[in-house]
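Please examine the sequence and the structure shown here before reading further.

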Amino acid sequence: MTSPYNGTINEIVAYNGDLTDSQVQQMEGYLAWKWNLKASLPTTHPYYFTNPNVPMISKRPVVWHDGFDQTTLTYSGSNVTGWSDKSGNTRNSTTATSAITYDSTGRGLVFNGTNNATGYLTTANSSALYKNTAYTIFLVEKKNSTAAGYIYGMAGTTETNALLQIGYTYRDWE
């Protein structure tokens, strides 16, 4: 997928392996309260009425990009060129484009959807991150367009070395 993404990424948290239902609900609750998305939770959700008040579950994430923490960003002028990983695993993301800026009001990285070649994030030290393993990813984002677009990850060149890509596509799967 090489189309540019048009939208805002607020947070990416990834875990190796499956999470328990309770861990998933805790992360959903934490992110919903943090990003003022509580109304998107069903009223039967255990954290609809109560803020879990914990930044992370007991399991350590393998990647954590937090748009609320502007100190994790690297700039070239007003353009974002890097996003530091808060998990402690140094899986920092970079981009070689002027198509990504920071919205200090919405607290997220804004992708303007104009650069096919480099308008997305790539992650260092990710060659073994998602390969041959189950993973759970939480992504807080707001898409501004119905167009397909590549957001995050690394692309392999063959089926045997293809790595995780997060984005949108037009392809209809049968």
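The paragraphs below treat confidence, a helix, a network of charged side chains, and some individual residues.

This is a predicted model, in which local features need pLDDT of at least 70 and side-chain atom pairs count only at pLDDT 80 or more, while totals for chains, interfaces and linings use all residues. Residues are numbered from 1 along each chain as its sequence is written, and side-chain values use heavy atoms, with hydrogens and water left out.

The term pLDDT denotes the predictor's confidence in each residue, on a scale from 0 to 100. For this protein the mean pLDDT is 78, and 70% of the residues reach 70 or more. Over residues 155-162 the pLDDT is below 50, and this stretch has six contacts in the model beyond near neighbours in sequence; a contact means heavy atoms within 4.5 Å. Where pLDDT is low, the predicted coordinates should not be read in detail.

Helices (H or I, at least four residues) and strands (E, at least two) are DSSP runs, numbered from the N terminus. A residue is called buried under 20% relative accessible area, exposed over 50%, and partly exposed in between, using a 1.4 Å probe and protein chains only. The buried residues of α1 are Q23, Q26, M27, G29, Y30, L31 and A32. The elements covering them include β1, β2 and β9 (135-143).

Side chains of opposite charge can pair when their charged atoms come close. A salt bridge is a side-chain nitrogen of Lys or Arg within 4 Å of a carboxyl oxygen of Asp or Glu, and by this rule the count comes to four. In one of them, K34 pairs with D66, with the closest N and O atoms 2.8 Å apart. Because K34 lies in helix α1 and D66 in strand β2, this pair ties together parts that are 32 residues apart in sequence. D66 is buried, with a relative accessible area of 5%.

D66 also meets K86 in a salt bridge of 3.1 Å, N to O. That pair links strand β2 to the loop between β4 and β5, 20 residues apart. K86, at 31% relative accessible area, is partly exposed. K86 in turn forms a salt bridge with D69, where the closest N and O atoms are 3.3 Å apart. D69 lies in the loop between β2 and β3 (73-76), so its pairing with K86 ties together parts 17 residues apart in sequence. Through shared partners, salt bridges join E11, K34, D66, D69 and K86 into one network.

D66 is also among the contacts of N10, which include W35, H65 and W83 when neighbours within four places in sequence are left aside. N10 lies in strand β1 (residues 6-16) and is buried, with a relative accessible area of 9%.

Most residues other than glycine have a negative phi. Which residue with a positive phi follows α1? It is N36, with a phi near 60°. N36 lies in the loop between α1 (21-34) and β2 (63-66) and counts as exposed at 71% relative accessibility. T90 has a positive phi of about 50° although it is not a glycine. T90 belongs to the loop between β4 (79-83) and β5 (93-94), and at 49% relative accessibility it counts as partly exposed.
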